[in-house]
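Thanks for coming. Please have a look at it first.

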Amino acid sequence: NDTLLKTTNSGNTWELMRIVYNNTSSISFVDVSTGWIAGGGTEYPNLDWGQICKTTDAGLSWDKFLFGYGTEWGFKFFDIHFLDRNRGWVFGRFLSPSGTQREGIIAYTMNGGENLIFQRTSTSNGLVSASIIEDSIIWVVGKNGTILRNSNAQIPTVVEDEINYYT
């Protein structure tokens, strides 16, 4: 089971919060009250949907948003970043019902995660971590050494440059 911990004293003590759902992978807060958790999904053949949960009361309650629910596609979100209460990105992968088609995905929201604009990428690797620099550049790393860069974070566009490094 996933665990959510909260501190209000710089980490001296931690409080166990209500477990939101399984497969939690990332958390992002923009202030002391407003934050999001991303995760969900499983691997083929047990396809699932991506999940984002949002709190506006410092984690006392969470609203859950499901993506891919009712479709044959599987989604998993690995990382989430918000710049303010409305604009944010989630990074992950989707998988076809047969398990043969995989694609790294980037999704953008302008309404706090209630709706996502999915952006396709040219990689079949899941995208697992990202960094957003000064509201203008996104760097994303993925499985198998994938590195993606987008130089215009304010406008949701497909990632422009992709470099694959394999070790």
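Among contacts in the chain between residues at least 6 apart in sequence, what percentage join residues at least 24 apart? The figure is 37%, where contact means heavy atoms within 4.5 Å.

Before going on, a word on where the values come from. This is a predicted model, in which local features need pLDDT of at least 70 and side-chain atom pairs count only at pLDDT 80 or more, while totals for chains, interfaces and linings use all residues. Residues are numbered from 1 along each chain as its sequence is written, and side-chain values use heavy atoms, with hydrogens and water left out.

Now the overall build. The chain has 14 strands and zero helices; both are DSSP runs numbered from the N terminus, helices being H or I with at least four residues and strands being E with at least two. Of the 167 residues, 44% count as buried. Buried means under 20% relative accessible area, exposed means over 50%, and partly exposed is in between, using a 1.4 Å probe and protein chains only.

Next, the interior. In soluble globular proteins, nonpolar side chains tend to be buried together. A nonpolar core here is a set of buried Ala, Val, Leu, Ile, Met, Phe, Trp, Tyr and Cys residues joined through side-chain atoms within 4.5 Å. The largest one has 14 residues, and Ile-52, Phe-67, Phe-77, Ile-80, Val-90 and Leu-116 have the most contacts inside it. Strands that each supply at least two residues of this core include S6 (63-67), S7 (74-82) and S8 (88-95). S7 gives the most, with four residues. A second, separate core has 10 residues, among them Phe-91, Ile-106, Ile-138 and Val-140.

Stay with S7 for a moment. Eight of its nine residues are buried. S7 pairs with S8 in the antiparallel sense over eight bridges; two strands pair if DSSP finds at least two bridges between them. The two form a hairpin, with five residues between them. Within this pairing, Phe-75 stands opposite Phe-94 in S8.

The largest pocket holds about 190 Å³. A pocket is an open set of points on a 1 Å grid over the protein atoms alone, where a 1.4 Å probe fits, with protein on both sides within 12 Å along at least five of seven lines; lining residues have an atom within 4 Å of a point. Grid points are joined across faces, edges and corners, and the volume is the space filled by probe spheres set on the points. Thirteen residues line this pocket, and Leu-5, Lys-6, Thr-7, Phe-29 and Ala-58 are the closest to its centre. Strands S1 (5-6) and S3 (24-29) each supply at least two lining residues.

Last, the loops. Ser-10 counts as exposed because its relative accessibility is 79%. Asn-144, in the loop between S12 (137-142) and S13 (146-150), also has a positive phi, near 60°. At 52% relative accessibility, Asn-144 counts as exposed. Glu-134 lies in the loop between S11 (127-133) and S12. Glu-134 is 51 residues from Leu-83 in sequence, and their C-alpha atoms are 9.4 Å apart.
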